[in-house]
Amino acid sequence: MRLPYRIKFEPRTKDVPKWLPFATSMGAIIVAFIISGIVLWAIGGNPFRVYRYFFSAAFGSWGAFSDILVKATPLIMIGLGCAVAFKMNILNIGAEGQFYMGAFFASMVVLVPIIPLDSPKWMVLTLMAVMGILGGALYGFIPGFLKAMFNVNEIITTLMLNYVAVYWNNYWIFGKYSDAGFQMTPTFDKVAWLPRLADLAREHPFFSGITLHLGVVFGLVAAVLIWVILKHSRWGYEITLIGDNPKAANYAGINIKKNIILVMMLSGALAGLAGMSEVTGVVHRLQERISTNYGFSGVIVAWLAKLNPFAVIPVAILFGALIVAGREIQPSGLSFMIQGTILFLVISSDVFLRYKVSIVRRHQEEAA
């Protein structure tokens, strides 16, 4: 049967309105919650009750909000790293592995140990941060070099390297550095712990139970630095030009191969710093499950933020809330279902940025 209406797609010939990327991201979030609610209802659940408990568990107290910020901290850094790579059309899906390698390299400062553990706290933590950045950057260099020199598909290499990093991590924590045979290392000395607000609770009782640690500052500073690089530096201009028009960039004399390697290393370095932040600020040891799919969630964060460094922060907080609330509600996979639905819708919604979509009457169109 022929419907009297049809959906019309027209390629956009003018610049996309500034409000449209934000509107499509918000629309993707809202529609994802609606679709997830329908699925909950279809399997016999009460979506209104689940969502009410969901938001209560996430934002019901300062302690819960503190937990959200703790979960958002690695997502901010990983989301920023992914955003930089995506800006140049390099699809870094390996942030999970770079996160693990950053955590591993940082942990070596304590486990080897690289410096005496009676050194000043600032010195130990600074060296751990440098090692975390180095571990992630080296792990980003591998797919970057293969892409630049041999045009190897970076999606495949970064994805496969995730598994290598996890098993490399497991090899050491099940072996030489295992704590009495458990799949974790001994707890680090307190000299290797990032300061937390809860440490001030004795002098300021308000901070009691607030688990937020110094790692969040790393994420906020990184957001500012990435914004400055992308908006106000020659390198940022080159990254954007390569992403928008690689032929024009090549004609302008920009070294594309060098930039691919450097961007992958920067992206990996941020994920590696996130790994260092997690082992020094949260778990205080290297262990098997130090990531709740932070690397993969960071990909969604970057896309949902439309590669805007400052927009990465609130989006990461939203996903931190999904992780925290997801621990408290049933079915336990609800938060992952919402995350997956959001990613699908965000990618799909790009059609609104490329085309003007309208509904037209067939008879009016035929009469014209």
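Helices here are DSSP runs of H or I with at least four residues, numbered from the N terminus. The model is predicted, so local features need pLDDT of at least 70 and side-chain atom pairs count only at pLDDT 80 or more, while totals for chains, interfaces and linings use all residues. Residues are numbered from 1 along each chain as its sequence is written, and side-chain values use heavy atoms, with hydrogens and water left out.

Most residues other than glycine have a negative phi, and most peptide bonds are trans. N151 sits in the loop between helix 5 and helix 6 (154-173), and has a positive phi of about 55 degrees despite not being a glycine. With a relative accessibility of 57%, N151 counts as exposed; the cut-offs are under 20% relative accessible area for buried, over 50% for exposed and in between for partly exposed, using a 1.4 Å probe and protein chains only. N89 is another non-glycine with a positive phi, here about 60 degrees. The loop that holds N89 runs between helix 3 (62-87) and helix 4, and at 51% relative accessibility N89 counts as exposed. Then there is the peptide bond between V112 and P113, which is cis, with omega about -20 degrees. P113 belongs to the loop between helix 4 and helix 5 (121-150).

Next, helix packing. The axes of helix 4 (residues 95-111) and helix 10 (residues 256-283) come within 6 Å of each other and cross at roughly 55 degrees. Axes are lines fitted to C-alpha atoms, for helices over the stretch in contact, and the angles run from 0 to 180 degrees between N-to-C directions. Helix 4 and helix 10 are therefore oblique to each other, given that angles under 35 degrees count as roughly parallel, over 145 as roughly antiparallel, 65 to 115 as roughly perpendicular and the rest as oblique. The crossing of helix 4 with helix 10 is right-handed; that label applies if the near helix is turned clockwise from the far one by less than a right angle, and left-handed if anticlockwise. On the helix 4 side, the contact (heavy atoms within 4.5 Å) is made by A95, Q98, F99, G102, A103, A106 and S107, and helix 10 brings in M264, S267, G268, A271, G272, A274, G275, M276, E278 and V279. Sorted by class, this contact of helix 4 with helix 10 has nine nonpolar, seven polar and one charged residues. In that scheme Ala, Val, Leu, Ile, Met, Phe, Trp, Tyr, Cys and Pro are nonpolar, Asp, Glu, Lys and Arg are charged, and the others, Gly among them, are polar.

Helix 11 (residues 294-304) and helix 12 (residues 309-326) pack at an angle of about 135 degrees, and their axes are 9 Å apart. That makes helix 11 oblique to helix 12. Their crossing is right-handed. From helix 11, Y294, I300, V301 and L304 meet V312, V315, A316, L318, F319 and I323 of helix 12. Every one of these falls on the greasy side of the scheme: 10 nonpolar, no polar and no charged.

Two buried positions are worth a look. G79 is in helix 3 and is buried, with a relative accessible area of 0%. Beyond the neighbours within four places in sequence, G79 is in contact with G298, V301, A302 and V312. G79 and S267 are 188 residues apart in sequence, yet 9.1 Å apart in space, C-alpha to C-alpha. N169, in helix 6, also counts as buried, at 0% relative accessibility. With its neighbours within four places set aside, N169 is in contact with Y100, F104, L286 and Q287.

Finally, the rings. A search of the whole structure turns up 14 aromatic pairs. The rings of F141 and F145 have centres 5.6 Å apart and planes at 25 degrees, so the pair is stacked. Rings of Phe, Tyr and Trp (its six-membered ring) pair if their centres lie within 6.5 Å, and planes under 30 degrees apart count as stacked, over 60 as edge-to-face and the rest as tilted. Both F141 and F145 lie in helix 5, four residues apart, about one turn of the helix. F141 counts as partly exposed at 32% relative accessibility, and F145 is partly exposed with a relative accessible area of 32%. F145 also forms an edge-to-face pair with F150, 6.1 Å centre to centre and with 80 degrees between the planes. F150 counts as exposed, at 57% relative accessibility. Elsewhere, F104, F105, W168, Y171, W172 and Y177 form one aromatic cluster.
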